[in-house]
Amino acid sequence: MLQDGKLYIGTSRKPDDTNNKPEYLELKFGNRHGLVTGATGTGKTVTLQILAEGFSNAGVPVFCADVKGDLSGIGAIGEAKDFLQKRADQIGLTPYEFQQFPVIFWDLYGEKGHRVRTTISEMGPLLLSRLMNATDAQEGVINIAFKIADQGGLPLLDLKDFQALLNYMGENAGALSSQFGFISKASVGSIQRELLILEQQGAEQFFGEPALKISDIMRTTNDGRGAISVLAADKLMMNPRLYGTFLLWMLSELFEVLPEVGDPDKPKLVFFFDEAHLLFNEAPKVLIERVEQVVRLIRSKGVGVYFVTQNPLDVPETVLAQLGNRVQHALRAYTPREQKAVKTAADTFRPNPDFDCATVITNLGTGEALVSTLEGKGSPSMVERTLIRPPSSRLGPVTDAERKEIMGVSPVAGLYDEDVDRESAYEILTARAKKAAETAAAQQEAATQEASQPSSGGSRWTLPGFGDEEPASPSAAKPKARSGYQRETIAEAAMKSVARTVASSLGRALVRGILGSLRR
């Protein structure tokens with residue numbers, strides 16, 4: 001059943017319900033992306049699990065999110081169960097062997113896996129605006145903030161860095177608007193309130209250092225298997241926008257970091273986007289267009305992207321058109337939208353004269369799916385009604401003790417567990433404000449000392465009209481007119497310091513990619 005260069009998915013069935021032929025996903029087309037859809041309880045997670053197992057055994061690293069907690073079992077050896085053995089016998093999978101796969105557990109909160117972080121600078125203005133659900137005006141201010149930071153040598157590592165920069169922009173909105181475009185104090189205040197909400201939702205755990213290195217999710221073991229990175233997302237799903245933005249950031253990082261490789265014999269990495277509808281819900285048009293562009297171009301960098309969701313309508317058509325390998329589990333057709341989804345799913349397959357796709361989709365059993373993969377010169381195979389193979393790893397979650405043991409021997413153990421808080425925008429702006437305050441205090445003290453020195457008498461020269469003539473009498477004394485020069489305030493001194501830094505840094509601005517992340 002297992003063949004070199006191919007990943008065994010299951011065995012298709014004839015109309016009389018006898019075995020037809022094994023169904024494979026060819027590794028050389030693994031980077032042509034894919035789609036796994038189906039209603040709740042139809043077997044999508046198991047399909048994700050067996051695909052991850054197959055890629056791992058072929059030496060391909062995998063990244064996937066564990067939304068419900070049961071995918072963690074891929075890190076433990078499978079257990080013999082009657083219904084699993086029955087499925088193996090039914091599809092002719094002999095011998096049916098159990099395996100334990102190399103797994104690296106990750107968790108934004110550091111509770112069920114190694115900490116995973118990025119910096120504000122690396123995320124970029126587009127994804128940060130999406131995370132904050134920013135309006136057009138707020139997004140404009142966020143873009144200006146990144147422009148000032150990128151050109152002015154102000155590293156934005158965590159939320160307090162961004163908050164410090166926003167404070168500075170709000171205090172100096174008038175002066176900065178003439179250089180970078182209009183900055184509304186109201187928009188700055190709204191962004192600061194959104195930052196507070198993000199902090200309360202736990203986003204501060206995500207921003208900081210050490211930032212995740214993409215190479216750490218692209219590891220292989222000594223025996224040649226690809227490591228499977230599993231993101232614990234059960235808690236993260238309580239903030240779906242953070243979940244979706246985090247996965248989009250990882251996709252953009254892969255796109256910016258990895259070199260072009262053309263069409264390799266097998267993918268360099270396979271990336272599974274579970275609950276894919278969260279990536280696109282309420283996403284602005286410009287973001288969807290750029291995601292579609294990244295999905296189209298990242299194939300040549302050896303990365304396969306597989307979207308896992310309940311409804312094929314959850315994925316925009318422009319993205320759906322890029323997904324060559326399809327596994328369609330059962331859909332329900334109780335509502336008009338569900339009926340449209342069934343028709344959409346059926347129309348995307350290469351027809352099979354033995355059955356009607358739209359009818360079969362609503363009658364598929366658990367662990368059964370319509371499968372079509374790329375073959376030959378990259379054309380889709382005829383859709384087949386397929387029984388999905390049982391997994392070799394455990395079906396169900398690992399225990400807390402097992403998770404802790406796996407994390408203890410992980411190749412990244414100790415690399416990301418401790419926070420690092422180096423000098424960044426917060427410290428730089430604070431130091432500049434302090435220096436400006438000290439300079440202002442010294443100037444004020446010097447002026448006070450000069451004013452307290454005794455006058456040299458009537459021999460001093462005077463300039464009429466400049467306010468320093470001797471008054472004829474005390475009653476005729478007038479206050480001095482203010483000179484054209486006024487001592488700058490602390491905020492003005494800090495602003496000028498940043499402006500000088502920006503001016504001296506022109507031409508050295510950081511370069512950002514399609515989704516706004518930094519180019520290495």
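## Helix 1

In this predicted model, the buried residues of helix 1 are Lys44, Thr45, Thr47, Leu48, Gln49, Ile50, Leu51, Ala52, Glu53, Gly54, Phe55 and Ser56. The helix is thus described as mostly covered, with 12 of its 14 residues buried.

Helix 1 spans residues 44-57. From its first C-alpha to its last it reaches 20 Å, which is close to the 20 Å expected at 1.5 Å a residue. After the helix comes Gly59, which has a positive phi, near 85°.

## Helices 5 and 6

Helix 5 comprises residues 136-152, and helix 6 comprises residues 159-171. The two pack at an angle of about 100°, and their axes lie 11 Å apart. Helix 5 is therefore roughly perpendicular to helix 6, because angles of 65 to 115 degrees are placed in that class.

Which residues of helix 5 meet helix 6? They are Val141, Ile142, Ile144, Ala145, Phe146, Ile148 and Ala149, and their partners in helix 6 are Phe162, Leu165 and Met169. As a general rule, an α-helix has 3.6 residues a turn, so residues three or four places apart point the same way.

## Cysteines and disulfides

A disulfide is a covalent bond that joins the sulfur atoms of two cysteines. The structure holds zero disulfides.

Is Cys64 buried or exposed? Cys64 has 0% relative accessibility and therefore counts as buried, the cut-off being under 20%. Cys357 has a relative accessible area of 7% and is likewise buried.

Notes:
Residues numbered from 1 in each chain as written. Predicted model: local features only at pLDDT ≥ 70, side-chain atom pairs only at ≥ 80, totals over all residues. Heavy atoms only, no water. Axes fitted to C-alpha atoms, helices over the stretch in contact; angles between N-to-C directions. Helix = DSSP H or I, 4+ residues; strand = E, 2+ residues; numbered from the N terminus. Parallel < 35°, antiparallel > 145°, perpendicular 65-115°, else oblique. Contact = heavy atoms within 4.5 Å. Expected span 1.5 Å × (residues − 1). Buried < 20%, exposed > 50% of the residue type's maximum accessible area, 1.4 Å probe, protein only. Disulfide = S-S within 2.5 Å.
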